Amino acid sequence: MTYIEQLGSNAKAAERYIANATTKQKNDALKAIADALVENTDIILSENEKDLKQAAQNNISPVMQDRLRLTPERIRDIAGSVLKLIDLEDIIGSVEYGAVRPNGLRICKTRVPLGVIGIIFESRPNVTVDAATLCMKAGNAVILRGGKEAINSNICLAKIMRKALNDTNLPEDIIQLITDTSHECANELMRQNKYLDVLIPRGSSRLINAVLENSTVPVIQTGVGNCHVYVDSSADLEMAVNITDNAKTQRPSVCNAIESLLVHKDIAEKFLPMVKARLDEHNVTILGCPQTARILGDCVIPATDEDYATEFLDYKISVKVVNDIDEAIDHISRFTSHHSECIITNNLVNAEKFQKMIDAAAVYVNASTRFTDGGVFGFGAEIGISTQKLHARGPMGLRELTSVKYLINGNGQIR
């Protein structure tokens with residue numbers, strides 16, 4: 001049995017315990033994990049520092065280093081997210097549908113865990129805790145495979161969580177981390193149909209596409225966020241500046257940050273200098289169409305179709321001046337990753353048209369795309385943002401990590 005197969009076998013054995021654990025057992029374990037994370041802050045920071053030093057030596061960008069960095073405040077926030085799961089309703093075992101058929105059969109549709117979930121992600125160590133604890137609350141066992149950039153942090157966090165499980169009399173193999181970050185191990189995980197019920201990739205488009213192309217395990221696609229803001233002709237321009245700035249610069253390394261700005265031609269002359277002045281405060285690079293360059297000057301780098309299709313995850317933004325809302329919708333429909341899109345407008349007809357016509361998991365009117373988040377939506381911690389339509393879409397909380405089982409009771413019926 002290979003290393004990955006052994007992890008799969010361990011998870012399958014632990015699955016029955018967490019699937020049938022009581023709400024109190026799960027919540028006690030979550031409380032123990034949250035407390036242990038805070039108590040071991042110094043140890044976690046020491047291991048994280050090893051990853052940060054390695055990242056600097058490998059010339060990883062400052063934005064990506066920020067994704068990797070843990071601080072005492074961030075650790076408290078991670079622990080706080082775990083505690084929030086305790087307050088969420090445990091939906092395992094809930095009855096969603098019940099009926100008595102004409103032949104006397106009693107049928108109940110009940111909520112059950114997915115089973116064993118594999119998660120492949122990149123450099124954000126908070127995902128290690130968020131993913132593991134959310135899967136656990138939903139009654140699942142989980143196998144985590146993080147990126148090599150955060151391996152010391154991830155090993156430390158997984159060790160802390162596993163000990164907390166053991167201390168609360170649950171199998172530590174409910175949460176497992178693959179410590180071998182080679183591509184070979186990742187590829188082998190993608191083929192573990194015998195043990196994995198679903199595989200969830202979180203990270204860059206390259207990672208997600210690699211999983212989609214190679215996995216024989218069912219995949220839930222998450223994360224890629226080529227998000228847009230369209231500023232309509234009737235928009236409040238101050239609002240548009242604030243939303244664009246927030247959506248681009250508040251945390252550019254996340255999937256719900258915008259990568260592209262579309263501006264109606266009637267307000268472009270006035271609005272583009274306004275938004276550039278705000279973006280200049282963060283040294284945002286602008287890649288734009290000829291009209292954008294004419295208005296803003298030589299600072300604009302000519303944008304290509306490849307630029308409009310790119311998730312920069314950096315202080316860069318692509319800009320295009322459009323003739324009307326229809327051209328904006330056409331452009332977004334061509335380049336969207338179906339994550340989060342926004343229109344800024346005071347025209348109710350255009351707002352409704354945009355929300356109806358745009359095919360994305362979250363479509364905003366007059367609000368930043370940065371709100372696409374499981375916590376903000378009231379789901380607690382999230383496993384990711386699904387950009388597909390089966391079986392989940394948008395922020396994936398507890399419900400999206402479950403399935404259903406039909407329980408049928410009879411008294412001798414035959415067909």
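Leaving aside neighbours within four places in sequence, Leu37 touches Ile44, Ile75, Ile78, Ala79, Val82, Val129, Leu157 and Ile160, where contact means heavy atoms within 4.5 Å. The structure is a predicted model, in which local features need pLDDT of at least 70 and side-chain atom pairs count only at pLDDT 80 or more, whereas totals for chains, interfaces and linings use all residues. Residues are numbered from 1 along each chain as its sequence is written, and side-chain values use heavy atoms, with hydrogens and water left out.

**Nonpolar cores**

- Leu37 is among the residues with the most contacts inside the largest nonpolar core, which has 48 residues, and the others named with it are Ile119, Leu144, Ile175, Ile383 and Leu401.
- A second, separate core has 33 residues, including Val241, Leu272, Val321 and Tyr364.
- A nonpolar core is here a set of buried Ala, Val, Leu, Ile, Met, Phe, Trp, Tyr and Cys residues joined through side-chain atoms within 4.5 Å; buried means under 20% relative accessible area, exposed over 50% and partly exposed in between, with a 1.4 Å probe and protein chains only.

**The largest cavity**

- One cavity of 30 Å³ or more is counted, and about 30 Å³ of space lies in the largest cavity.
- On a 1 Å grid over the protein atoms alone, a cavity is a set of points where a 1.4 Å probe fits but cannot get out, a pocket is an open set with protein on both sides within 12 Å along at least five of seven lines, and lining residues have an atom within 4 Å of a point.
- Grid points are joined across faces, edges and corners, and a volume is the space filled by probe spheres set on the points.
- The lining of the largest cavity consists of Leu261, Leu272, Val275, Lys276, Leu279, Ile286, Thr292, Leu296, Ile317 and Val319, with two or more residues coming from each of α11 (265–280), α12 (290–296) and β11 (316–322).
- Helix α11 gives the most to this lining, with four residues; helices (H or I, at least four residues) and strands (E, at least two) are DSSP runs numbered from the N terminus.
- By class, the lining of the largest cavity holds eight nonpolar residues, one polar and one charged, where Ala, Val, Leu, Ile, Met, Phe, Trp, Tyr, Cys and Pro count as nonpolar, Asp, Glu, Lys and Arg as charged, and the others, Gly among them, as polar.

**The two largest pockets**

- The largest pocket holds about 1,100 Å³ of space, and of its 42 lining residues the closest to its centre are Arg124, Asn126, Asp130, Arg251 and Asp373.
- Helices α5 (72–87) and α6 (126–137) are the elements that give two or more residues to the lining of the largest pocket, and α5 contributes the largest share, five residues.
- The lining of the largest pocket divides into 13 nonpolar, 15 polar and 14 charged residues.
- The second largest pocket has a volume of about 760 Å³ and is lined by 27 residues, of which Glu122, Glu149, Ser204, Arg206 and Leu207 lie nearest its centre.
- Helix α9 supplies the largest share of the lining of the second largest pocket, five residues, and this lining comprises 11 nonpolar, nine polar and seven charged residues.

**Helix α9**

- Leu207, Ile208 and Val211 are the buried residues of α9, and they lie on the same side of the helix because they cover an arc of only 95 degrees around the axis, the arc being that of the directions from the helix axis to the C-beta atoms.
- These buried residues of α9 pack against β3 and β6 (198–202), whereas Arg206 and Glu213 are exposed on the other side of α9.
- Leu212, also placed in helix α9, is partly exposed, with a relative accessible area of 36%.

**Loop residues and backbone geometry**

- Pro125 is found in the loop between β3 and α6 and counts as buried at 0% relative accessibility.
- The peptide bond from Leu390 to His391 is cis, with omega near -5 degrees, and His391 is found in the loop between β14 (385–386) and β15 (394–395).
- Asn169, in the loop between α7 (151–167) and β5 (175–177), has phi near 65 degrees, a positive value in a residue other than glycine, and counts as exposed at 70% relative accessibility.
- Leu313 has a positive phi of about 55 degrees although it is not a glycine; Leu313 lies in the loop between α13 (305–308) and β11 and counts as buried at 14% relative accessibility.
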